[in-house]
Amino acid sequence: MINRIRSAFQAINASYWFFPALFAVLAVALALITIELDRNGWASMLDEIPWLERARPDGASNMLTVIAGSMIGVASTVFSITIAAVAYASGNYGPRLLTNFMENRGNQLSLATFIGTFVYAITVLRVVRAEDEATLFAVESDSLPGFVPQLSLLVAYVLMAISIMVLVYFLNHIPASIRINSVLEGIGDRLIRDIKTNYDRPSHGHVEMREPSGRAVAATETGYIQFIDYEALESIAQDAGGHLSLNVRPGDFVHPKVPMAMWDDEDDLDDLHDQDVRAAFTLGGMRTPAQDLHFLLDELVEIGLRALSPGINDPFTAITAIHWLGAATAELGRRDLTRSFGGADDASDDRLVLSNDDFAHYVRRGFGAMRPGTATSPAAALVTFDTIIAASSTLNDETRHAVLVREGDQLMRQAETHLKGPDLEVVEARYQKFKITMAD
């Protein structure tokens, strides 16, 4: 149940309908409240403000009509601009970035503000009545000569002013949000923040990589693992009196019969708890960055490779992606990459044993995946060597240092197959400097 709620929250977080719908409901509630205050004489306090003229029925109707009409027009324009920006970004930077733009609070709240103002104006407009009008079902208390909700009109005017400010913000926000440096900064910042959250202890040595064995708990559905409820899995293992090792991580794709977890061979357990184990995994049709560090790494790599493709040929965008990869690699290099859940001194003694990835895995997923592109660009190759040197300066582990040295060696080998002439000579000279620096 909790996983379903989390999955629904993730879907809502990446939607354009939730905040506009919420603001529309709040606008109706606000309109009903201010109209009731007007009916009960609360608007009389506005008479004490000498510069605030009371509105007449015709003026009130015209003002609310203009606000409502202009807000729905602006909302349509804002939605069109947003869709155009999303299409541009996903087409140029990669379809995975669609999630980033869909989750953008600036876009969601801008559209919601205009929708809310429109709904408020329409709701107030329906109660404005001229002196020669009467309600359909008139009663004695409501047969007054006209009704102009002064307080509601003032609130509508304030909402209109807020909407104008939001429009100015939106017109600046959209071009800023699709600027490639801003896109890469957002991805890189989130990646480094998630690294610090997932690996909150300093490096203390080798990461144990062991293949889980035992009785498998296989998937019964198909999709990407979007979320794993580790607390629930540990609780299940405690109740069963067994030890559960995960075979997968967030972002992996599973289908029926694929093992997701293993009960230890020493645990004499039946399949009574298997359904509860499966329920702790949330599956969906696409990957999300909620628990998936690889998703963010892949976004940086995808942008870099697209920039280095012959059709785009933008090495400077790739260089920015390489810089953020270097910052993330440096952060990973100084942290303990053994993920544990349970607090035992030895992670293998926990009831729940997570699937770990060592430093070499992340280097291959980042710099290694970028290598086919960087090896074809002298500018990108030079920056990659410098970035690896900078990342290695934060390490105090010889094994991880050797991983970075090996990555530099592989980049040079691949560059030799793509570059020639002066380009190759420049890269070879930087590689020799790289070897000397890394040896020191």
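In this predicted model, Leu-191 touches Leu-293, Leu-296, Leu-297, Leu-300 and Ala-328, when residues up to four places away in sequence are not counted. Apart from the core to which Leu-191 belongs lies another core, of 22 residues, which includes Val-217, Tyr-230, Ala-240 and Ala-261.

The largest nonpolar core has 90 residues, and Leu-191 is one of the six that touch the most other members, together with Val-183, Ile-303, Phe-359, Leu-404 and Val-427. Helix 3, spanning residues 57-93, supplies the largest share of this core, with twelve residues. At least three residues are drawn from each of domain 1 (1-178) and domain 3 (293-347 + 356-438).

The UniProt record, an unreviewed entry, places the feature "transmembrane region" at residues 12-35, 63-88, 109-128 and 148-171. Two of these segments are described below.

| Segment | Helix content | Strand content | Separation of end C-alpha atoms |
|---|---|---|---|
| Residues 63-88 | 100% helix | 0% strand | 37 Å |
| Residues 109-128 | 85% helix | 0% strand | 29 Å |

A further site of interest is Thr-222, found in the loop that runs between strand 1 (215-218) and strand 2 (223-228). Because its relative accessible area is 52%, over the 50% cut-off, Thr-222 counts as exposed.

Note on methods. Residues are numbered from 1 along each chain as its sequence is written. This is a predicted model: local features need pLDDT of at least 70, side-chain atom pairs count only at pLDDT 80 or more; totals for chains, interfaces and linings use all residues. Side-chain values use heavy atoms; hydrogens and water are left out. UniProt positions are given in the numbering used here, feature names are shortened, and annotations may be inferred rather than shown by experiment. Helices (H or I, at least four residues) and strands (E, at least two) are DSSP runs, numbered from the N terminus. A nonpolar core is a set of buried Ala, Val, Leu, Ile, Met, Phe, Trp, Tyr and Cys residues joined through side-chain atoms within 4.5 Å. Buried means under 20% relative accessible area, exposed over 50%, partly exposed in between (1.4 Å probe, protein chains only). Domain bounds come from an automatic or database domain assignment. Contact means heavy atoms within 4.5 Å.
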